[in-house]
Amino acid sequence: MSNGSSITLDAPPIGIEGQGYFLTSLDQVVGMARKNSLWPLPFATSCCGIEFMGTMASHYDLAQFGSERLSFSPRQADMLMVMGTIAKKMGPILRQVYTQMAEPKWVISVGACACSGGIFDSYSVLQGIDKIIPVDVYVPGCPPRPEQILDGVNRLQELVQNETIRRRDSPEYKALLRSYGIDIK
Amino acid sequence: MTVKRFEEFIKKHENDSDMELQILNLGPTHPSTHGIFQNILLMDGETILDSEPTVGYIHRAFEKIAERRPYNQIVPLTDRMNYCSSPINNIGFNMTVEKLVGIEVPKRAQYIRVIIMELARIADHLICNSVIGVDTGALTGFLYVFQIREKIYDVYEQICGARLTTNLSRIGGMERDLTPKMIEMIHSLLAEAKKTFAEFETLMTRNRIFMDRTVNVGGISADRALNYGFTGPNLRAAGVDYDVRVMNPYSSYEDFDFKVPVGSSGDCYDRFCVREAEIWESISIIEQALKNLPDGDFHADVPEFYLPPKQEVYHNMEALIYHFKIVMGEMPIPAGEVYHAVEGGNGELGFYLVSDGGRTPYRLHFRRPCFIYYQAFAEMIKGSMLSDAIATMSSLNVIAGELDA
Amino acid sequence: MEVDKQKVVDSLIQQFEGNVGNIEETYGLTTLQVRKSSIFEVIKYLKEEQSFTLLTDVCGMHFPDNDPEMQFAVVYHIHNLFKNIRLRLRVFLPADNPEVDSMVDVFSSANWQERETYDFFGIIFKNHPNLVRILNMDEMEVFPLRKEFPLEDGGRIDKDDRFFGRSIHNE
């Protein structure tokens, strides 16, 4: 379908290349490995969930970016994709799912309702999930097109690539979690 | 989270060595991606003895929000109820307001509405049937069928600009006419859809494993179904041929010739087959509508409710005034109360609108079919096994947005 | 169909004289006002004698501007599938004691709908098997769909109500 000359290779990580070896830092290698196998936990609550089903299906194909295996068990997932409105009744459950996930973990907030409450400015809707858990990427839209969700996953992959492997033990990260009331030792 | 009566039951049968009792929490986040509702099950081994459902995890207070929004701004709200077939919700609400005001929508607009509503019904039944496959382990049907759903989304984009939450139709008709390109897209969609459904049917309908998983599972008798307020494909699978399009026809449905498929035992397999048959009937209705599409206006001549064309707003004083008033929500809706029902993807979707003559409704209540028939779930799974409960839940087609509103 | 509907309405008036009244027909649907002491009997009669087998809808309403005796209302929509007759029954309840009989023994579909009406308005349904909140959080103490309860979340600190034309009570 495409002729060979139009294929471009992704840029290699920063390092020194030689005959049979490639010298780079551990951060780069680990980042590259992590970014290409992010297993999502689809926390789909409402209409954005249906657009996610469209993203997962064969036309837009989330699996091409490495998210082949959807995990509904928090222990086995890397990124939490919160799609849809989170009501206040659902808040404690979202938080529990987030705390059950193992480090390193990332959160994508898909859709206007998850980012900021959306069009539901009412007494029963949580106005944005960043009130209870820390969020890495926000994908706006109501609902966002599958291309936007894929763009959100790509931005997250950039974040994952450039993250240091010591970030999860650093005092800034612990302070961030403590500011949300999540107690980690 | 646990239920007191289950704990008491376990305590009572503590020394009973025959029973292996435990309490299992199913949800609110569970792999059958249907939406969030919780079921706490009391199980004896693999058999379910009792269950306690909890809903309300996505309660967004639609009815309260609707009391503070003018009528044009409620239509995007209705989108998000049954989001798999949102045009039906939109058009149903617009028809309720038209009934209250007394607007007669021209024939062409009614036929266009029928085409769009039947496309939405096909989309809704597609999701339900393919997700029954996913829950019983057959992922391939889901991937085939979502290609057709993408094509339906393309048609929606041509008509209104959005894929899923469409905000279609206005008070008084449609916002734009069907162009020849849209009609051509619908024709090619139907041609491809027929091939894909035939393929989907060969995968699932007479599949030995699928039939073993769904026949005699989660059944309900016609009597109990009516008592529980079932409507739509779930009631028709139990044997009662109640279809709002036939009993109280709206929007020119009486002009079309279609059959209403009815099952006999109300189990999961009958629900699957009724939805399959309804997809074929919807295709036939769309073809009839396209063939007999009358000429005429695509909206009624009601300048107080329907936005004038933008070019006129720049030159004409009355058009400017009407545009301003409609956008600000000042529409002369009379005081009164009206109940209007349409046949949604899940059954009778009713709108009970009480107006006091102001710019926002005094009370708007949605009669949501999912909320009403989900009550029967506890009775339907009593005595069955856990995997049967999953198959029953997905064949009922519970959509969380409609459940909680 | 009109003849059948008139027959049903006439038989209702005859059977429950004094407890059924205020009959109006709006937009093709006949509405009757029923006294709260006899609404259970009326619906049972409609189901068993007149074959109204589908209870379409149960919902509540709040009229803070009415007399204190008629501040709350419960509206039932009921449907006869054989002859295609729809009826709307309305029961008015006093503000200080909004209680009415539950229809669960007649129609099982009333179970959750009455819980929803209780959750939104605080209307008590006597003899309901499990009258607790269903859609809102269990800890909530107010009844949100009453007219005096505000729509927006009271605890928001990022929205300045002066710019949204709202008073401190979020009107």
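**Chain B**

I looked up the secondary structure of chain B in this predicted model and found 18 helices and 6 strands. Both are DSSP runs numbered from the N terminus, helices being H or I with at least four residues and strands E with at least two.

I then checked the radius of gyration of chain B, which is 23 Å, close to the 22 Å of the globule rule for 405 residues, so chain B is as compact as a globular protein of that length. The radius is taken over C-alpha atoms, and the rule is 2.2 Å times the number of residues to the power 0.38. Along the principal axes, the C-alpha atoms of chain B fill a box of roughly 85 × 45 × 30 Å.

I noted that 63% of the 405 residues in chain B are buried (under 20% relative accessible area, 1.4 Å probe, protein chains only). Of the contacts in chain B with a separation of 6 or more, 70% are between residues 24 or more positions apart; contact means heavy atoms within 4.5 Å.

**Chain C against chain A**

I counted 14 residues of chain C in contact with 7 residues of chain A. The area buried between them is about 920 Å², with 51% from carbon and sulfur atoms (accessible area, 1.4 Å probe, lost on being put together, summed over both parts).

I looked for salt bridges across this interface and the rule finds 0 (a side-chain nitrogen of Lys or Arg within 4 Å of a carboxyl oxygen of Asp or Glu).

**Conventions**

I number residues from 1 along each chain as its sequence is written, with chains lettered from A in the order written. Local features need pLDDT of at least 70, whereas totals for chains and interfaces use all residues, and side-chain values use heavy atoms, without hydrogens and water.

Note on methods
Predicted model: local features only at pLDDT ≥ 70, side-chain atom pairs only at ≥ 80, totals over all residues. Buried area = accessible area lost by both parts, 1.4 Å probe. Buried < 20%, exposed > 50% of the residue type's maximum accessible area, 1.4 Å probe, protein only.
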